[in-house]
Amino acid sequence: MNLEDKITSREIGDLLYASGLSVGTAESCTGGRIAEGIIAIPGASNYFKGGIIAYSDEVKENILHVNTETLKEHTAFSEEVAKEMVSGAINALKVSYAIASTGVAGPGGALPGIPVGTIWIACGTKDDIVTEKLSLDYGRDINLAIATGKALHLFLTYLKERNITVEVAEE
């Protein structure tokens, strides 16, 4: 985890800790790296409730309740699936927010129209989910590191845009 990601994780932690809100993750291609980024900060147990590694479609369907038709129509590497993963994680983990990732990290796994490095990240609440499509081609390790950092940053931006703030006591 690089310094920028640690700073982002610290800011996320400060906002969630102060607000009493919680977060969980639903990760496919990143395989737990987003959760690892969140728990790198001491005190994360106050707001991070857990993560689900949904590497297979079966786990996406059975644990996160991603719709089978969504997977068939859009593939597992889609914005629609990323959104359903957010909702599924919120329900399964009983959290305020969730962060999700799904995609093709490489070097194989590409599909027609979905090249290696196509990764969808998503975050939010059940009723307010934002997404970002990444198009990377720097090799598996770098693709996953970038996706992890982007997911953390997307979530921090999401919190700030919705005015989740740290209350500063006046002296």
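Visitor: Which residue does Gly-124 stand opposite in S5?
Guide: In this predicted model, Gly-124 faces Ile-129 of S5. The two strands, S4 and S5 (residues 128-135), pair in the antiparallel sense over 8 bridges. A hairpin of 2 residues joins S4 to S5.

Visitor: How many bridges join S3 to S4?
Guide: S3 and S4 run antiparallel and are joined by 6 bridges. Within S4, Trp-120 is the residue opposite Thr-102.

Visitor: Why is S4 described as largely enclosed?
Guide: In a regular strand, side chains alternate between the two faces of the sheet. In S4, 7 of the 8 residues are buried, so the rest of the structure largely encloses this strand.

Visitor: Which residues touch the most other members of the largest nonpolar core?
Guide: They are Val-23, Phe-155 and Leu-159, in a core of 30 residues. H6 provides the largest share of this core, 9 residues. Leaving aside residues up to four places away in sequence, Val-23 touches Leu-16, Ile-38, Tyr-47 and Phe-155, among others. A second, separate core has 19 residues, including Ala-76 and Ile-90.

Visitor: At what angle do H1 and H6 pack?
Guide: Helix H1 (residues 3-19) and helix H6 (residues 140-161) pack at about 35°, and their axes are 10 Å apart. The crossing of H1 past H6 is left-handed. Among the contact residues are Ile-12, Leu-15 and Leu-16 of H1, and Leu-152, Phe-155 and Leu-159 of H6. The contact residues comprise 8 nonpolar, 4 polar and 3 charged.

Terms used. Residues numbered from 1 in each chain as written. Predicted model: local features only at pLDDT ≥ 70, side-chain atom pairs only at ≥ 80, totals over all residues. Heavy atoms only, no water. Axes fitted to C-alpha atoms, helices over the stretch in contact; angles between N-to-C directions. Helix = DSSP H or I, 4+ residues; strand = E, 2+ residues; numbered from the N terminus. Left-handed = near helix turned anticlockwise from the far one by under 90°. Contact = heavy atoms within 4.5 Å. Nonpolar A, V, L, I, M, F, W, Y, C, P; charged D, E, K, R; others polar. Core = buried A, V, L, I, M, F, W, Y, C linked by side-chain atoms within 4.5 Å. Buried < 20%, exposed > 50% of the residue type's maximum accessible area, 1.4 Å probe, protein only. Pairing = 2+ DSSP bridges.
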